[in-house]
Amino acid sequence: MAIAIFFVAHWTTSVFFQTFFLHRYAAHRMFSMSKRWERIFYALTYICQGSSFLVPRGYAILHRMHHAYSDTPKDPHSPHHQPNFFKMMWVTKNIYHGFAHNEVDPEPRFDGGIPAWPTIDKMGRSWIGRFSWVIAYSAFYLVFATHWWQFLLLPIHYVMGPIHGAIVNWGGHKYGYSNFDNGDKSKNTLVFDFVTLGELFQNNHHKFGMSPNFAARWFELDPTYQVMKVLAFVGIIDFGKKVQLARYPAATATAGAAAVVEAPAAE
Ligand SMILES: [Zn+2]
Ligand SMILES: [Zn+2]
């Protein structure tokens, strides 16, 4: 039971901070927050992702490239240009590494406005830091595991962040249905995305890239947006005066700019 709780808690918190902090905040700047809250969420992202912490700079640049080049040969992680799931993960990791370690300069348009905390980035990138988390996860299993097969779950803890990314990048551009023709192969994989907390509404998200709500139709539910509405209500985050709203059918088929409408912070 302790193992099940630990696994679900690690999975959920890791993917939450990936979609909320790395994706919607660091890469897209869909909302703003104070410097103090940014630091708190930055630290929580590190703690919850642990051994597979993704440096915001590496994640944000990679992701901005993905939107610009979605499913073309220049997309850093398209399932339509990679032979299999694991090869795509490997190629993605190498491109991410170049940006996260400041070894490769991105196109200028993909840079800027990315939160940075050098101390945490350094800890997250260091092998001593990563290995400390690996020991901690393994120790937890040694104490609480009740069957040998539970140890098979341990490698998932070690690389949790990249696994979530790869599920979204592969599934979200390959399996499911489309609400919109975005000129790419993005799909909505699930109508209630509890596995990756809204990330698998890729087709909606590529249509309305700045909408904090990844759900567009009445039967779709984006769990992270529900949490964000609470965070906005209590004043921790701010959607700003003009917020893009995902809608179906797209009222903006002929005029993309009209997608940005005057609207209150929350729907
Ligand atoms: Zn995508
Ligand atoms: Zn995005």
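What distance separates the centres of domain 1 and domain 2, taken over C-alpha atoms? In this predicted model, the separation is 23 Å. The two domains comprise residues 2-171 for domain 1 and residues 195-267 for domain 2.

The contact between the domains involves 17 residues of domain 1 and 17 residues of domain 2. On the side of domain 1 that touches domain 2, the elements giving two or more residues are helix H1 (2-27), strand S1 (32-33) and helix H8 (160-171). H1 supplies the largest share of this side, with five residues. Sorted by class, the side of domain 1 that touches domain 2 consists of nine nonpolar, seven polar and one charged residues.

The secondary structure of the protein chain amounts to 10 helices and four strands. Read from the N terminus, the order of the elements is α-β-α-α-α-α-α-α-α-α-α-β-β-β. The protein chain has a radius of gyration of 18 Å, close to the 18 Å given by the globule rule for 267 residues, and is therefore as compact as a globular protein of that length. The C-alpha trace spans about 60 × 45 × 40 Å along its principal axes.

Burial and contact separation were also computed for the protein chain. Among its 267 residues, 37% count as buried. Of the contacts with a separation of 6 or more, 66% are accounted for by residues 24 or more positions apart.

Helix H2 was examined individually. This helix covers residues 35-49, a run of 15 residues. From the first C-alpha of H2 to the last, the helix reaches 21 Å, which is close to the 21 Å expected at 1.5 Å a residue. The buried residues of H2 are Phe41, Tyr42, Thr45, Tyr46, Cys48 and Gln49. These buried residues pack against H1, helix H5 (118-125) and H8. Two of these packing partners, H1 and H8, are also among the elements that give two or more residues to the side of domain 1 that touches domain 2. Just after H2, a positive phi of about 55° is found at Gly50.

Notes:
Residues numbered from 1 in each chain as written. Chains lettered and ligands numbered in written order. Predicted model: local features only at pLDDT ≥ 70, side-chain atom pairs only at ≥ 80, totals over all residues. Rg over C-alpha atoms; globule rule 2.2 N^0.38 Å. Buried ≥ 20, exposed ≤ 12 C-beta atoms within 10 Å, placed from the backbone. Contact = placed C-beta atoms within 7 Å. Domains from an automatic or database assignment. Nonpolar A, V, L, I, M, F, W, Y, C, P; charged D, E, K, R; others polar. Expected span 1.5 Å × (residues − 1).
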